[in-house]
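Visitor: I am new to this one. Could you show me around?

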Amino acid sequence: MGMSEFYGSHDDTASIATIHRALDLGCNFLDTADMYGPFRNEELVGRAIRGRRDEVVLATKFGNMRGEDGAFLGISGKPSYVREACDASLRRLGVDHIDLYYQHRVDRTTPIEDTVGAMAELVRAGKVRHLGLSEAAPQTIRRAHAVHPITALQTEYSLWSRDPEDEILPVVRELGIGFVAYSPIGRGFLSGRFKTIDDLEPTDYRRLSPRFQGDNFARNLDLVRRIEEIARAKGVTPAQLAIAWILSRGNDIVPIPGSRSIGHLEENIAAAEIELTSEDLARIDEVAPKGVASGERYPSASMASVNA
């Protein structure tokens, strides 16, 4: 996402080099969406994997509609839109199939059975291998899974967003669905790189995020300082600690940190080698219990589309 939009300036050449380095290091899961850019990120990923398609488990998403000018046009899970969006993504990515196709946000006006029914048709047509949902509520997941097996659920999960532990993780584990954790470093905040709001570029959308604003920023900075203390004692970076913690939650959980540079990529990949002891985990739980973050995950309008 951040390679094409939302996190300030971007450089396609550097982004492609980062993706190539990821593949060289053994990363094989690339996660994009049609709305990023909008549309440009799929094209970027398509260029990056040209000639290396067999090395990649390729995931993309539909559902958040945007215009060519970037305008947000709502959410759609209508069957006709599902088919149209998939064909457009295949063209932009330059591939003949998508390995994991998610509904990015649930359309509350279209029965999930209709949406997943159309997605299942894409599987039968060979355009898609596996189906996913993002930010879906437990009952929505059950209803979708009854129509066609859901392979993965993607939802925000990190040291400052532990909500999925209450209901989402138990449901997906019951049904045998994998869990993809986005924003595992708290949109970069848990890395300790941001000390003031001015560390973000003027066009960075995180300036609109409640957790990055006013008193919330200051209180969340206190959380980061405590995480930094644990990381220093462990001899790792805060970002690595955050990722290692996600990995410790189970083999069915896959974190997808949005590395935008080779340096951050290599730092994040190294987290896979970190082993957290029971003492480490207890200390982390003490510092970052459920509900520790100050502020909502998104502005109110966007919060209305999560856990749907």
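Guide: One term comes up throughout. Buried means under 20% relative accessible area, exposed means over 50%, and partly exposed lies in between. Also keep in mind that this is a predicted model.

Visitor: Which exposed residues sit on the face of α5 turned away from its buried side?
Guide: Start with the buried residues of α5, which are Pro-138, Thr-140, Ile-141 and Ala-144. They cover an arc of only 155 degrees around the axis, which puts them on the same side of α5. The face turned away from that buried side carries Gln-139 and Ala-146.

Visitor: What is the relative accessible area of Ala-146?
Guide: Ala-146 is found in helix α5, residues 138–147. Exposed means over 50%. Ala-146 is exposed, because its relative accessible area is 68%.

Visitor: What do the buried residues of α5 pack against?
Guide: Ile-141 is among the buried residues of α5. The buried residues of α5 pack against α4, β6, β7 and α6.

Visitor: What share of the contacts in the chain between residues at least 6 apart in sequence joins residues at least 24 apart?
Guide: The C-alpha atoms fill a box of roughly 55 × 40 × 35 Å along the principal axes. Of the 308 residues, 55% count as buried. Among contacts between residues at least 6 apart in sequence, the share joining residues at least 24 apart is 74%.

Visitor: Which residues touch the most other members of the largest nonpolar core?
Guide: In soluble globular proteins, nonpolar side chains tend to be buried together. Here the largest nonpolar core holds 75 residues. Those touching the most other members are Ile-141, Leu-153, Phe-179 and Leu-190.

Visitor: What does Phe-179 touch, leaving out residues up to four places away in sequence?
Guide: Phe-179 belongs to the largest nonpolar core. Among its contacts are Asp-252, Ile-253 and Val-254. Others include Leu-153, Thr-155, Tyr-157 and Pro-164.

Visitor: Why do the buried residues of α1 line one face of the helix?
Guide: In α1, Ser-15, Ile-16, Thr-18, Ile-19, Ala-22 and Leu-23 are buried. An α-helix has 3.6 residues a turn, so residues three or four places apart point the same way. Seen down the axis of α1, its buried residues line one face because they fall within an arc of 155 degrees.

Visitor: What do the buried residues of α1 pack against?
Guide: The face turned away from the buried side of α1 carries the exposed residues Thr-13 and Asp-24. The buried residues themselves pack against β1 (29–31), α2 (40–49) and α9 (262–270).

Visitor: Which residue just after α1 takes a positive phi?
Guide: At the start of α1, a side-chain oxygen of Asp-11 reaches to within 2.9 Å of the backbone nitrogen of Thr-13. Just after α1, a positive phi of about 100 degrees is taken by Gly-26.

Visitor: Where is Asn-28, and what does Asn-28 touch?
Guide: Asn-28 lies in the loop between α1 and β1. Its relative accessible area is 41%, so Asn-28 is partly exposed. Not counting residues up to four places away in sequence, Asn-28 touches Glu-55, Val-56 and Val-57.

Visitor: How far apart should the ends of helix α3 be?
Guide: Helix α3 runs over residues 79–93 and has 15 residues. Its end C-alpha atoms are 21 Å apart, which agrees with the span at 1.5 Å a residue: 21 Å.

Visitor: Is Ser-161 buried or exposed?
Guide: Ser-161 is in the loop between β7 (150–156) and α6 (168–175). A polar contact of 3.2 Å joins its side chain to that of Glu-156. At 0% relative accessibility, Ser-161 counts as buried.

Definitions and conventions. Residues are numbered from 1 along each chain as its sequence is written. This is a predicted model: local features need pLDDT of at least 70, side-chain atom pairs count only at pLDDT 80 or more; totals for chains, interfaces and linings use all residues. Side-chain values use heavy atoms; hydrogens and water are left out. A nonpolar core is a set of buried Ala, Val, Leu, Ile, Met, Phe, Trp, Tyr and Cys residues joined through side-chain atoms within 4.5 Å. Buried means under 20% relative accessible area, exposed over 50%, partly exposed in between (1.4 Å probe, protein chains only). Contact means heavy atoms within 4.5 Å. Helices (H or I, at least four residues) and strands (E, at least two) are DSSP runs, numbered from the N terminus. The arc is that of the directions from the helix axis to the C-beta atoms. A polar contact is a pair of N or O atoms within 3.5 Å; within protein, one must be able to donate a hydrogen and the other to accept it, and residues adjacent in sequence count only if both atoms are side-chain atoms. The expected span of a helix is 1.5 Å times one less than its number of residues.
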